[in-house]
Amino acid sequence: EIKLPKETFKSPMAMEIFFTSLFQTGSATMIETYWNGKVRPWFSFEMVSVDGQIHFFIWTWPKFKDLIEAQLYAQYPNIEIYEVADYTKSVYHDPENLPLWGTYFKLTKADAYPIKTYVDYKLDKEQEPEFMIDPMTSVLEYMGSMRKGEQIWFQILVQAHKKEGLADGRLFKRADWTKPAMEEIKRIREEAIQDVDGVKLPNMTQGQKEAIEAIQRSIGKFAFEVSIRGFYIATKEAFNPSRF
């Protein structure tokens, strides 16, 4: 569990550096893959509300515990990190007295398009406090509004993404995500070409330019396989479907 100070003045770029450190290669040889069953590690970054009290957790394999602690303290010396019990063990299967609702989140566009990041909120630049936008505020306010008997779990699972071949357990090689991303950029550019009296001229809209810029910016970063899921769990007396 990570306990945060009241104020943090670090740029979100600090977390990018942290995620870069988790970009593990997984198995290195065919023996490790096919004999030892070695796979690339998964990590889970979780925000949890229990009775309106918000907690931040990182789930990891034990071998990466020291790495995670060292990298977090390097970027955020004022945080506190504690090894804690698995909070999910407090929930048991009882649809009558402990109903729950869960979902996986899906992308609304092709995988090549990135979700909004701190760059889109101008948090990569110096701003006066009154002009800063914190995209986390609405989520944290929602989670903090839970009442006694209610829980919200928000879990982001990540695993390093890379080209894969025989050593990684694939009979047929798989290219990394940059190939379809470049194909999407090419498609956007072709879509922007208009025929004017037999002459083909580029006429790109502002939205198309921004889409290409966002995809190109993502190509230069370390990519992860990601799964995002959310749960609402409550006692029979506190269950409120409007929370969905």
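Visitor: How many aromatic pairs does the structure hold?
Guide: The structure, which is a predicted model, holds 16 aromatic pairs. One of them is formed by Y232 and F239, whose rings lie 5.3 Å apart from centre to centre with 50 degrees between their planes, and this pair is tilted.

Visitor: Is Y232 buried or exposed?
Guide: Y232 is buried, because its relative accessible area is 1%, and buried means under 20%.

Visitor: And what about F239, how does that one count?
Guide: F239 is partly exposed, with a relative accessible area of 25%.

Visitor: How do the rings of Y232 and F244 sit?
Guide: The ring centres of Y232 and F244 are 6.0 Å apart and the planes stand at 65 degrees, so this pair is edge-to-face. The pair links distant parts of the chain, since Y232 belongs to strand β9 (residues 224–234), while F244 is in the segment after β9, 12 residues apart.

Visitor: Which residues do ring pairs link into a cluster?
Guide: The cluster that ring pairs link together consists of F18, F19, F23, F45, F222 and F224.

Visitor: What lies over the face of Y113?
Guide: That is K109, which lies over the face of Y113 at 5.0 Å from the ring centre.

Visitor: Switching topic, where is E164?
Guide: E164 is placed in the loop between β6 (150–160) and α5 (178–191).

Visitor: Buried or exposed, that E164?
Guide: E164 counts as buried, because its relative accessibility is 8%, and the cut-off for buried is under 20%.

Visitor: What is E164 in contact with?
Guide: If we leave aside the neighbours within four places in sequence, E164 is in contact with R40, R170, K173 and R174. With R170 there is also a polar contact, made between the side chain of E164 and the side chain of R170 at 2.3 Å.

Visitor: Now pockets: what volume does the second largest pocket have?
Guide: The second largest pocket has a volume of about 600 Å³. Its lining is made up of 27 residues, and the closest to the pocket centre are E1, I58, W59, T60 and V84.

Visitor: Which helices and strands each supply at least two residues of that lining?
Guide: At least two residues of the lining of the second largest pocket come from each of β2 (42–50), β3 (53–59), α3 (65–75) and β6. The strand β6 is also one of the two elements between which the loop with E164 runs.

How values were computed
Residues numbered from 1 in each chain as written. Predicted model: local features only at pLDDT ≥ 70, side-chain atom pairs only at ≥ 80, totals over all residues. Heavy atoms only, no water. Helix = DSSP H or I, 4+ residues; strand = E, 2+ residues; numbered from the N terminus. Buried < 20%, exposed > 50% of the residue type's maximum accessible area, 1.4 Å probe, protein only. Polar contact = N/O pair within 3.5 Å; in protein donor to acceptor, adjacent residues only side chain to side chain. Contact = heavy atoms within 4.5 Å. Phe/Tyr/Trp six-rings, centres within 6.5 Å; stacked < 30°, edge-to-face > 60°. Lys NZ or Arg CZ within 6 Å of the ring centre and 35° of its normal. 1 Å grid on protein atoms, 1.4 Å probe; cavity = no way out; pocket = protein on both sides within 12 Å on 5 of 7 lines; lining within 4 Å. Points joined across faces, edges and corners; volume = space filled by probe spheres on them.
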